[in-house]
Amino acid sequence: MAPRKSTQDLSSPPRRTLVIDNGGHTIKAGFSSPAFADPPPAPSDDSQTPQTALPLPSIIPNCLARDRDKKVYIGSQLSRCDDFNEMIFRRPVERGYLVNWEAEKEIWEHEFFDQKAALKCDPSETGLILTEAPNALPQLQTNCDQVVFEEFGFASYYRCPAPSLNAYHNIQSLFPVPRAPPKTSSPAEILLLIDSGYSHTTVTPLLQGQAIQPAVRRLDIGGKFLTNYLARLISRRQYDMRNDTYIVNEIKEACCYVSRDFKGDMERTWKGPKGDRREVYATSEGIAIDYVLPDYHKRSKGYARDHDPNAAGKLKNLTTGKSVEAAEDILTLRNERFTVPEILFNPSDIGMRQSGIAQLIWDSLSAVPFGLWPGFLANVVIVGGNANVPGFSERLDMEIRSLAPAECIVRVAKAADPIVSTWQGGAILATDVEALKRLSITKQEYEEHGAAWAARKFDGR
Amino acid sequence: MNFGVIECVPTGKSIAAPGWAYVPDTGPNVTALQPGRKRARNQLTTSSHETTAKQDAKILREIEELQRENMRDAFIPIPAKSKDNARGTSKSSSAVRKILTSQKTFQNHLEDYHALKALAPSQPSSSATQAPPTPAPLTPAPRAPSTLHLTSTGKRSHKKKPNPTDPVATSVRKASTIVMPPPPPPVPSRQVILDDSEPGPKPHERDGEKLLVSYIPQLPTQEELDALMRIPPLSYVEAKGGYLEGEGTGKPVRKFCEVCGYWGRVKCMRCGVRCCALECLQVHGEECFARYGA
């Protein structure tokens, strides 16, 4: 055990801060420190001034995974895996909340405390910013505080709802109407943040970087849900891929898009009545797409390409005699491409009794004073992996406009890099020593005042 | 015979209590539970709710399936070899060890939370918005052994009630609504963030007059904002987004073909599954036979 830093910790905060955005699918982690001139010796590439280019975190799969040969991969070891068939995952984060510390500790130790870890750090000399999903259960929050201090022994610690960190970005620069960037106060004054991640989608109105708690809303659909839904559709219509969620996720990321004209796209992908095939069905005006599945011998990664209506005939020729290409396994996707992300906007399409994102925003806004509506509607920012689905922000813009009062200006922007945006916000926060010190608690304080005090402090009361 | 007792499959409309309930047995309605009948197709359905209980159960089960991590049950134990470089597992305190070895799922935690909450029934559970801002020092709740009376006037009951038998929980939030004897210095500084926005309308002035020039509603005062920010977080269940019935939105619920994904325009007479046209219905019919018998 490392010798504990003595009283010096109370006065001066730790020299660098480990920012961890502990997502359900991946951990976004990296160091940040106020002293850019004096970068930390170990991983130095993530310390640049926030004004020029934002630092990038390491993206680590937050899971234990086991392949067909019973080999187990921990976190970043997954990149060494070369066969994702029938991969099984164990994730410490369940429904967005950190539940299983046994697995999480294993992953953290592998990534942060192991001798060979890329992000190796000594917790007793490092501050920690850790994110959690909003509306966490108090018991889970307490568990988290306890493990951070009593097991790992970080010098200081700030636990916060993940959406709030996004307020530290220069939000105004995301919108297409660039005004002279004011960039005076670091947390954006007013911001409606939509975080559509792996486990769920949340809407959080933020004032001065602080969530308006009674207005936080959640839709229980996230990337995992969409992947499983796509897996179900493919399994019903083509191959059984229910055990290949990893591959289906790649298919989803390569092919899915949010439709701007759902009815029209639906007509284009209809095969037509029996005996009267629609001509448009063959390529569906570009909607039909072929996904070539990986076989993990010659091809370790699948890819999408335009649908070739004659492929079936060609395949028949090839199997009779010739060579390689016949070995391709192809999925042809048509309406699966847009009906899958569509359930984020219309969960009732699959019988789910929840309203879509636009209505969710409406729910949320109705819990804040009317006077703040224009501010929120003019500053809607989307983060999280689902924001990368093409057409997502345009569609959301469209739907919010149709609900909002006509006088309100609606601006919807996607974060520059939706997946790491939260982490970058944390990294910017960590460069402001005073602000971070005000928000976080030190190990001494924790030992002095106890867990209840810590929980209360992070609740903002 | 059902003797007037019908199992309540959890539908959106059913009562909160799970399990069984007595409902009036009004003759033909029981066919809802036997959807294999042709009659089921013709029965009067309410416009908002045109699925049978059995279909509702199926939908719920399928949605639950979509939340799963792996489609088959599998558990990956922590690999043993990495125990070597574990940094001093021995130093963990018993509380931490308990956390680390706990195999509770999120569902377990959620149920625990609701069970604990049910122990303190005195509180209004849905008064999120009008919870008055009571500063903590004004509510001297007794730090008594009877932990069930932790409630103060303005705080909602979502806080974890410490269970005296649980060593982890007791240290948790016993004091969350109680006056803390040593006033921790950093807590008031939290308010500094809010004080920054001292003139209430400031956020909007910063956002640019151009954007708001057309219509500016009355801004909340600073006190109102402070009160708003002081409302504690909702619980997990309360934060879940609501559902507007089909009519409320003006849009009917869309139905899709189970086979090809196109609009579901016809219903299978046996099981009620939607299909787009005769061709898909025939495809469906093949497995429908298998499921219910001819």
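Let me begin with a term: a residue is called buried here when its relative accessible area is under 20%. The model on the screen is a predicted one, and by that cut-off buried residues make up 65% of the 461 residues in chain A. Chain A contains 16 helices and 20 strands, and its accessible surface comes to about 17,000 Å², with 50% of that belonging to carbon and sulfur atoms. If we turn to contacts in chain A with a separation of 6 or more, 67% of them are accounted for by residues 24 or more positions apart.

From these totals I would like to move to one helix, α9 of chain A, which covers residues 336-345. How many of the residues of helix α9 are buried? The count is 10 of the 10, so α9(A) is largely enclosed by the rest of the structure. The buried residues of α9(A) include charged side chains, namely A:Glu336, A:Arg337 and A:Glu342, and also A:Phe338, A:Val340, A:Pro341 and A:Ile343, among others.

One of the neighbours of α9(A) is helix α12 of chain A, residues 392-403, and the two pack at an angle of about 40° with their axes 12 Å apart. Since angles under 35 degrees would count as roughly parallel and those from 65 to 115 as roughly perpendicular, α9(A) and α12(A) are therefore oblique to each other. Their crossing is right-handed. On the α9(A) side the contact is made by A:Glu342, A:Leu344 and A:Phe345, and on the α12(A) side by A:Phe392, A:Arg395, A:Leu396 and A:Glu399. Sorted by class, that contact of α9(A) with α12(A) has 4 nonpolar and 3 charged residues, and no polar ones.

Helix α3 of chain A, residues 138-152, packs with helix α3 of chain B, residues 94-101, at an angle of about 120°, and the axes are 10 Å apart. That angle makes α3(A) oblique to α3(B), and the crossing in which α3(A) passes α3(B) is left-handed. Chain A contributes A:Asn143, A:Gln146, A:Val147, A:Glu150 and A:Glu151 to the contact, while chain B contributes B:Ala95, B:Val96, B:Ile99 and B:Leu100. By class, the contact of α3(A) with α3(B) has 5 nonpolar, 2 polar and 2 charged residues.

Most residues other than glycine have a negative phi. A:Arg95, however, has a positive phi, near 50°, and A:Tyr296 has a positive phi near 60°.

A:Gly460, in the segment after α16, is buried, with a relative accessible area of 11%, and its C-alpha atom is separated by 9.1 Å from that of A:Leu439, 21 residues apart along the chain.

Definitions and conventions
Residues numbered from 1 in each chain as written. Chains lettered and ligands numbered in written order. Predicted model: local features only at pLDDT ≥ 70, side-chain atom pairs only at ≥ 80, totals over all residues. Heavy atoms only, no water. Axes fitted to C-alpha atoms, helices over the stretch in contact; angles between N-to-C directions. Helix = DSSP H or I, 4+ residues; strand = E, 2+ residues; numbered from the N terminus. Parallel < 35°, antiparallel > 145°, perpendicular 65-115°, else oblique. Left-handed = near helix turned anticlockwise from the far one by under 90°. Contact = heavy atoms within 4.5 Å. Buried < 20%, exposed > 50% of the residue type's maximum accessible area, 1.4 Å probe, protein only. Areas by Shrake-Rupley, 256 points an atom, 1.4 Å probe, with all protein chains shown as cover.
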